[in-house]
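Subject: Structure for your files

Hello,

Here is the structure I said I would pass on. My notes on what was found in it follow below.

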Amino acid sequence: MKLQKLMSLLLVLTVLLFTSLNVMATCGSQVQTLVTQPPYSNLAAVLTDTEKVKLTNLLKAVKDDATYNKLLTEANAVAAMIANGRMMIALPDGTVVVDTAKGANNTFANFKAKAINENHNTRISILDAQLHDCGIGLEQKFSTTDGTKEVYFAKRLGAYLNSAGTARLSQKI
């Protein structure tokens, strides 16, 4: 009887494991739909999985001015691929490592001092990319400062609950 209960429990755990792994591979239908349509599809075409791996490796390597500058150079190159583009890279806790909109403020010393930009752990696209199984976050905001709309596409840099951070590409439209 104990063996039968143990086998039943093992079967339930196996089903739950496979179900959760399958869910982790997909995004919700609304996210899947939005990512295939402009303006998000334009941002997704730039922030590819290959680019995500490159940014993850560069972020993990940051330990001094030289390694920081390699990440900054790549972030600037990615942002330049989009008209009115901006790239922001944050650690999992929301600490901003690079924000291409901040220009000369992007230094290793400012990153260590958490002085590049305010913490981004409450930004919708960043939070969604970190918390959702699929690792993607989307957001749109209207700026009352300059009267433009900005769209955000974020990707988690690494595994669910064990990432290096988040890369967020945005564009004013």
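A nonpolar core here is a set of buried Ala, Val, Leu, Ile, Met, Phe, Trp, Tyr and Cys residues joined through side-chain atoms within 4.5 Å; buried means under 20% relative accessible area, exposed over 50%, and partly exposed in between (1.4 Å probe, protein chains only). The model is predicted, with pLDDT of at least 70 needed for local features and 80 or more for side-chain atom pairs, while totals for chains, interfaces and linings use all residues. Residues are numbered from 1 along each chain as its sequence is written, and side-chain values use heavy atoms, with hydrogens and water left out.

The largest nonpolar core has 37 residues, of which Tyr68, Leu71, Met87 and Ile89 touch the most other members. Helix H5 (residues 65-80) supplies the largest share of this core, 6 residues. Helices (H or I, at least four residues) and strands (E, at least two) are DSSP runs, numbered from the N terminus.

Beyond its neighbours within four places in sequence, Met87 is in contact (heavy atoms within 4.5 Å) with residues including Leu47, Leu55, Ala75, Val98 and Leu169.

Leu55 is also one of the buried residues of H4, along with Glu51, Thr56, Leu58 and Leu59. Their cover includes H5, helix H3 (40-46) and strands E1 (85-90), E2 (96-99), E4 and E5 (162-172).

Gly158 lies in strand E4 (residues 149-159) and counts as partly exposed because its relative accessibility is 31%. Leaving aside neighbours within four places in sequence, Gly158 is in contact with Thr56 and Ser163.

Regards
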